Structures are given as C-alpha cells and as structure tokens.
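Try each task yourself before you look at the solution.

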Amino acid sequence: MRRGFWLLALGLGLAFAVTAQGQPPLAQTSSRVSGDRAWKHLNAQVNHGPRVPGSLGHAKTLAYLEAELRRAGGRVTVDRFTVRLEGKSYAMANLYADFGPTAPDGLQGGMLAAHWDTRPVADHDPEPANRAQPIPGANDGASGTAVLLEIARVLGETPPQTPLRIAFWDGEDLGTTDATMFYGSRFYVRNRPLPRWGILLDMVGDRDLVIPQEGYSAHHAPELTRRIWDAAKLLGYASYFPRREGPAINDDHLPFLGAGVPFVDLIDFDYPYWHTLGDKPERCSAKSLEIVGNVVLHVVRELDRQK
Ligand SMILES: [Zn+2]
C-alpha cells in the first residue's frame, strides 16, 4: 500500500515538473543517470549469455565492457590473472576505468565497484534438474555492472576533480566458500593501490527494490553508510533505502574493509531468484537502476567537492 502511494506521488511530481518547466536543458539531463541507458547495458550482458569465466559470454562481455568504458572516456586497464580451482584453470580479468586527475603516487581517490562474472551453477533453483546450469545473472552480476557503465558515461562528460576508479571484479561467484569466491577483489587488495573509500553495487536491479544498510558496511563504514542513506532521502528515495540494518553479506567489500578502507555494499538481498535460472531481466527494472545510479552519483559529487 505504501509503495503504491509513493509511486503515484512520484508520477505526479514528474508530470508537474515537465508541465511547469518544459524539457530540462541538455546539461542537466546528461549529468543524471538514465535508467533506460543502464537497462540496455543490463540486457546486452544477459544476451551475451552467462558470464562464467572461460565461457563465450564471458569473452563477449569483457570486450563489451572495455569498448563501452573507452567510449565513455575512461582510462581503461584490463588486469588479467589466473585462478586454479579443483584442477581447472580459469583466465580472469578485472577492468578499471579511471576518471578525473591521475594521482602522482598511485590511486588514492574513490572507487565504485561491481562484479561482472556470473555464477556457473543455479544451486538455489527450486527445480533440482536446473541446479547444474549457469544462471542468467540479470540482477546478480549485470545490474551493478550496468549502473556503473551508465555512471561512467556521466563522469566522462563531467569528470570529477579528484581521482575516481570504477572497478569490475571477475570471479566473485565461482565457488561456494570465501576461499573460492571474490577472486577479483581479493586479487586487487593484494596487488593494487587501495582507494580512500569505495561503494560496491551488487543485486541493485530488483524491480521490487529495497536496500537496507548491509551489516558489515553499517558497522565498519558508518560515516559513508550514513552519507549514502542521507543522499537517498534527499533525492526522494527514502522508501527504497530504509534506514535500518539488513543482513551482513559476505561480498567483494570485505577484502577492503579488512584492509581498513571504508567500503559500503549496496545490496538488495531479498530477491527470490537469487542463484536460480529465474534471475532474468523481467525481475528487474530500469527504474531501480536509475534510483541506485543517482544516489551513488550524488555521493560521488559530494565527496568530490570536499576533496
Ligand atoms: Zn551471486
């Protein structure tokens, strides 16, 4: 009931804005995240097929991400590494797109991140026969990646004053334990310069979007968490970002928190299609991508102004 009322109120507000002011100027539209553009990125990834390391969909999506990030104007690095698991060798790649000035002593700015790989097995599917198949990963994989590609476009048009790196992790969802997951982020923390702060986007596309404060983030990065939820409220998205603590999730932010970097995980873990073949675009929405993108972009701009 509350949700329905909220959507109605938002729709009325939008109609009023257009009637009263006509089309917003181009500069204004381009400085905001477009849910429609992010939605195209989500579908493009899903259409490539599952992004399991070593698969055709993985190779196609790696090329797609690199091309899109270059087109956005980012300084792109493809960081390749190899993982051995149960006698098999996996060629993996993180991608980094840098915006704003280059820090002379390595990267010491902010970081936005998402994992771009998808799970090789639908081990939570209600149908046992499906559990050996790879998931489509519309929400779990493609959603965060899609929002970050769209944020990259905006940052390319209006670059930040301070260094900002957008990172795409590989191998987040390969195995079943902490030791056989999160390969890309763990590789990064061991081998690359750490950022000053970070925001992780994972499963942010659910059409029924509710993002509570993830447990580890709330306790180990309380200031950044508060800032993000303040931004959501300011933008009129308080109902999507309730100010309550949600479950603690083992995810790509933990290696950074362990290294002392405040890193917040934005995750809507209340998603019935998690690790099932049902994780498809129709469970997601362009509007959810737009909401999350605009909240994150607002925080990036705010921290950039403070330097
Ligand atoms: Zn997953």
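Helices (H or I, at least four residues) and strands (E, at least two) are DSSP runs, numbered from the N terminus. Residues are numbered from 1 along each chain as its sequence is written. Please keep in mind that this is a predicted model: local features need pLDDT of at least 70, side-chain atom pairs count only at pLDDT 80 or more, and totals for chains, interfaces and linings use all residues.

**Exercise 1. Find how many helices and strands the protein has, and what share of its residues count as buried.**

Step 1. The protein has 10 helices and 6 strands.

Step 2. For burial, we count other C-beta atoms, placed from the backbone, within 10 Å of a residue's own: 20 or more means buried, 12 or fewer means exposed, and anything in between is partly exposed. By this count, 47% of the 307 residues are buried.

Step 3. Next, look at contacts, where two residues qualify if their C-beta atoms, placed from the backbone, lie within 7 Å. Among contacts with a separation of 6 or more, 79% are between residues 24 or more positions apart.

**Exercise 2. Describe helix α4: its reach, and which of its residues are buried or exposed.**

Step 1. Helix α4 covers residues 56-72, which makes 17 residues. From first C-alpha to last it reaches 24 Å, close to the expected 24 Å; the expected span is 1.5 Å times one less than the number of residues.

Step 2. The buried residues of α4 are G57, H58, T61, L62, L65, E68, L69 and A72. Seen down the axis of α4, they fall within an arc of 140°, so they line one face of the helix. The arc is that of the directions from the helix axis to the C-beta atoms.

Step 3. On the other side of α4 you will find L56, A63 and A67 exposed.

Step 4. The buried residues of α4 pack against α3 (35-47), β1 (75-85), β2 (88-99), α5 (138-157) and β4 (164-169).

Step 5. After α4 comes G73, with a positive phi near 100°.

**Exercise 3. Work out at what angle α4 and α5 pack.**

Step 1. Axes are lines fitted to C-alpha atoms, for helices over the stretch in contact, and angles run from 0 to 180 degrees between N-to-C directions. The angle between α4 and α5 is about 25°, and their axes are 8 Å apart.

Step 2. Angles under 35 degrees count as roughly parallel, over 145 as roughly antiparallel, 65 to 115 as roughly perpendicular and the rest as oblique. The helices α4 and α5 are therefore roughly parallel to each other.

Step 3. At this meeting place, E68, L69 and A72 of α4 meet L149, A152, R153 and G156 of α5.

**Exercise 4. Give the strand order of the open sheet, and then place the helices on it.**

Step 1. Two strands pair if DSSP finds at least two bridges between them. The 6 strands of the open sheet follow the order β1-β2-β4-β3-β5-β6, with mixed pairing. β1 and β6 stand at the edges with a single partner strand each, so one side of each has no neighbour in the sheet. From one strand to the next, the twist averages 20°.

Step 2. β1 and β2 pair in the antiparallel sense over 11 bridges, and V83 has Y90 in β2 as its bridge partner. Their hairpin has 2 residues between the strands, and E86 there takes a positive phi near 50°.

Step 3. β5 (residues 197-202) and β6 run parallel and are joined by 5 bridges. L200 stands opposite D265 in β6.

Step 4. α4 packs on the sheet, touching β1, β2 and β4, and its direction makes about 10° with that of β2. α5 also packs on the sheet, touching β2, β3 (110-115), β4 and β5; its direction makes about 145° with that of β3.

**Exercise 5. Where do F182 and H275 lie, and are they buried or partly exposed?**

Step 1. Start with a general point: most residues other than glycine have a negative phi.

Step 2. F182 is not a glycine, yet its phi is positive, about 60°. F182 sits in the loop between β4 and α6 (183-191), and it counts as buried because it has 24 C-beta neighbours inside 10 Å.

Step 3. H275, again not a glycine, has a positive phi of about 55°. H275 belongs to the loop between β6 (263-267) and α10 (286-306), and with 19 other C-beta atoms within 10 Å it is partly exposed.
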